[in-house]
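Please read the following account alongside the sequence and the coordinates. It starts with the sheets and then turns to the helices and the core.

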Amino acid sequence: MANGIDGYSRSLGARPQTNIVTAQRKEIGNRLLAALPPADLGLLTPHFQKVSFEPDAVLVRSGDELDPVYFPHSGAIAFMLDMPDGQTVATTLMGREGALASFSVLGPSPSSVTAIARVAGTASVISAAKFRAAHAQSAAIRNVVQVHARAVLLQLQHVAACNALHRVDGRMARWLLQLHDRVPEDLLPVTQEALAQLVGVRRTTVTLTMSKLREAGAIPSERRGFVEIHRGRLERIACDCYALMQRKIDRMYCQELAAPHPADRPFRERAMVASD
Ligand SMILES: [Zn+2]
């Protein structure tokens, strides 16, 4: 079993997760874990296992019980709502600021969405039962879960408004920026198919929109499975939702997460700075 956040490994067990393998990494990249005082973090670390996930790995399927709980240290996970007619659309995106299935503390319940890795990453994983036990013991853990829940709710509200009110190019720019916040470079590992699912439009619409973004200089290049972005130009095309949402969430995290990790920064600070 694990001896802390750094040194554990095992396969994830029952749920089919063929793209997930064990991994080793030293730092605590997850913002919620980094905000916990050592004693509270110590309630979790003996039970953690570290995993890595590849793009398209399904971490939770719609209808599955929310178990285990993932604390991503890197990467990006999209929450997809599957419609009866086979269409699917993203509701939220999560990276190291979140905890997948942390709402299992509310009691056993099936997931209403499918969580798919969009960008490869690593996560610390704990069983829902162990996490609930630690949550019951620690006010600090309850606080990070509450802050995270409010951030997810805020993102859901903005995405709902954005889908109803804003144009496809602005929405696609917003998703690309959200992905960019969770990768270390300007080359995003995302296919047009994945973009179609994120934005909730047909592939042909993605092709047309990408063409517009290329003409505007916001997408300098695109090759199979990778999109290079020019962040400053993309920020000018994105609807207001992106900056508004990130600013509110950053403020919430900075003000309400106790004992922030000194090396931690709210998302990516350059998200708020045009860099043309
Ligand atoms: Zn919008």
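Two strands are taken to pair if DSSP finds at least two bridges between them. Helices (H or I, at least four residues) and strands (E, at least two) are DSSP runs, numbered from the N terminus. This is a predicted model, in which local features need pLDDT of at least 70 and side-chain atom pairs count only at pLDDT 80 or more, while totals for chains, interfaces and linings use all residues. Residues are numbered from 1 along each chain as its sequence is written.

An open sheet of 3 strands has antiparallel pairing and the order β9-β11-β10. Its edges are β9 (187-188) and β10 (221-223), each with a single partner strand, so one side of each has no neighbour in the sheet. Strand β11 (residues 226-228) runs antiparallel to β10, and 3 bridges join the two. Within this pair, Arg223 stands opposite Phe226 in β11.

The protein as a whole comes to 9 helices and 11 strands. A residue is called buried if 20 or more other C-beta atoms lie within 10 Å of its own, exposed if 12 or fewer, and partly exposed in between, with C-beta atoms placed from the backbone. By that criterion, 45% of the 276 residues count as buried. Two residues are in contact if their C-beta atoms, again placed from the backbone, lie within 7 Å. Of the contacts with a separation of 6 or more, 79% are between residues 24 or more positions apart.

Another open sheet is formed by 4 strands in the order β3-β7-β5-β6, with antiparallel pairing. Here β3 and β6 are the edge strands, each pairing on one side only. From one strand to the next, the twist averages 35°; for this and other angles, axes are lines fitted to C-alpha atoms, for helices over the stretch in contact, and angles run from 0 to 180 degrees between N-to-C directions.

Strand β7 (residues 114-119) is mostly covered, with 5 of its 6 residues buried. Strand β3 (residues 58-60) runs antiparallel to β7 and is joined to it by 2 bridges. Strand β5 (residues 76-82) pairs with β7 in the antiparallel sense over 5 bridges. Ala115 in β7 is the bridge partner of Val60, and Ala115 is also the bridge partner of Phe79. The pairing of β5 with β6 is antiparallel as well and extends over 6 bridges. In that pair, Phe79 stands opposite Thr92 in β6.

Helix α6 packs on this sheet, touching β5, β6 and β7, and its direction makes about 90° with that of β6. Of the 8 residues of α6 (residues 192-199), 6 are buried, so the helix is largely enclosed by the rest of the structure. These buried residues are Ala194, Leu195, Ala196, Gln197, Leu198 and Val199. Their cover includes β5, β6 (88-94), β7, α5 (168-180) and α7 (203-215). Just after α6, Gly200 takes a positive phi of about 80°.

A nonpolar core is a set of buried Ala, Val, Leu, Ile, Met, Phe, Trp, Tyr and Cys residues joined through C-beta atoms within 7 Å. The largest one has 78 residues, and those with the most contacts inside it are Leu59, Tyr70, Ile77, Ala78, Leu100, Ala173 and Leu176. Helix α4 gives the most to this core, with 8 residues. Leaving aside neighbours within four places in sequence, Ile77 is in contact with Leu59, Pro72, Met94, Leu100, Ala115, Ile116, Ala117 and Arg118.

How do the axes of α4 and α9 cross? The axes of α4 (residues 139-165) and α9 (residues 241-256) come within 10 Å and cross at roughly 170°. That makes α4 roughly antiparallel to α9, a description used for angles over 145 degrees, with those under 35 counted as roughly parallel, 65 to 115 as roughly perpendicular and the rest as oblique. On the α4 side the contact includes Val147, Arg150, Leu154 and His158, and on the α9 side Leu244, Lys248, Met252 and Glu256 are among the residues met. The residues of this contact divide into 11 nonpolar, 2 polar and 3 charged. Ala, Val, Leu, Ile, Met, Phe, Trp, Tyr, Cys and Pro count as nonpolar, Asp, Glu, Lys and Arg as charged, and the others, Gly among them, as polar.

Finally, Pro37 lies in the loop between α1 (31-34) and α2 (38-41). Pro37 is exposed, with 12 other C-beta atoms within 10 Å. Its C-alpha atom is separated by 9.3 Å from that of Ile141, 104 residues apart along the chain.
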